[in-house]
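Subject: Structure handover

Hello,

Here is the structure for you to look at. My notes on what was found in it follow below.

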Amino acid sequence: MNTIYDGHIHLMPPMKDTPEVFAEKAESAGIGGGMIIGFPPAESVLYKAADMPVPSNDERIAELLDYCS
C-alpha cells in the first residue's frame, strides 16, 4: 500500500493534542505525513466558535513553528 500524504493540514483552535498525539491519530487514519499550514485565516468562524481571540499573522506563524519544532 502507498503512503498517504495530506497536503493541507490546519492546526485547529483550540489545540488540545500534542504533536505526538496528532502524529498517532494521523498514523491510525493511514496518513504517513503531510504539510501543516497552521491556524485558519483570521476570517474563519472557528475563532468565535472556540471563544478565542483571532491571532495575528505573527502569532499564527509562531504557533505553527513551535508546534512543528
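F39 counts as buried, with a relative accessibility of 8%. Please keep in mind throughout that this is a predicted model. The ring of F39 pairs with that of Y47: the centres are 6.5 Å apart and the planes stand at 65 degrees, so the pair is edge-to-face. The cut-off for that label is over 60 degrees. Y47 is buried as well, at a relative accessible area of 1%.

The count of aromatic pairs comes to two. In the other pair, the rings of F22 and Y67 have centres 6.5 Å apart and planes at 80 degrees, so this pair is also edge-to-face. F22 belongs to helix α1 (residues 19-28) and Y67 to helix α3 (residues 57-68), so the pair ties together parts that lie 45 residues apart in sequence.

Helix α3 has twelve residues, which at 1.5 Å a residue should span 16 Å; the C-alpha atoms at its ends are 17 Å apart, in agreement with that. Which residues of α3 are buried? They are R60, L64 and Y67. Viewed down the helix axis, the buried residues of α3 fall within an arc of 70 degrees, so they line one face of the helix. What do the buried residues of α3 pack against? Their partners are α1, β2 (31-38) and α2 (46-49).

On charged contacts, the count comes to one salt bridge. K25 and D17 form it through their side chains, with a distance of 2.7 Å from N to O. K25 is partly exposed at 47% relative accessibility, and D17 is partly exposed too, with a relative accessible area of 28%.

P19 lies in helix α1 and is partly exposed, at a relative accessible area of 32%. P19 and N2 are 17 residues apart in sequence, and their C-alpha atoms are 23 Å apart in space.

Now the chain as a whole. The protein chain has three helices and two strands, and along the sequence these follow the pattern β-α-β-α-α. Its C-alpha atoms fill a box of roughly 40 × 20 × 20 Å, taken along the principal axes. The chain has 69 residues, of which 19% count as buried. It exposes about 5200 Å², and carbon and sulfur atoms supply 57% of that area. Among contacts between residues at least 6 apart in sequence, 77% join residues at least 24 apart. The F22 and Y67 ring pair, described above, joins parts that are 45 residues apart in sequence.

Regards

Note on methods: Residues are numbered from 1 along each chain as its sequence is written. Side-chain values use heavy atoms; hydrogens and water are left out. Rings of Phe, Tyr and Trp (its six-membered ring) pair if their centres lie within 6.5 Å; planes under 30 degrees apart count as stacked, over 60 as edge-to-face and the rest as tilted. Helices (H or I, at least four residues) and strands (E, at least two) are DSSP runs, numbered from the N terminus. Buried means under 20% relative accessible area, exposed over 50%, partly exposed in between (1.4 Å probe, protein chains only). The expected span of a helix is 1.5 Å times one less than its number of residues. The arc is that of the directions from the helix axis to the C-beta atoms. Contact means heavy atoms within 4.5 Å. Accessible areas come from the Shrake-Rupley method with a 1.4 Å probe; for residues, only the protein chains shown count as cover. A salt bridge is a side-chain nitrogen of Lys or Arg within 4 Å of a carboxyl oxygen of Asp or Glu.
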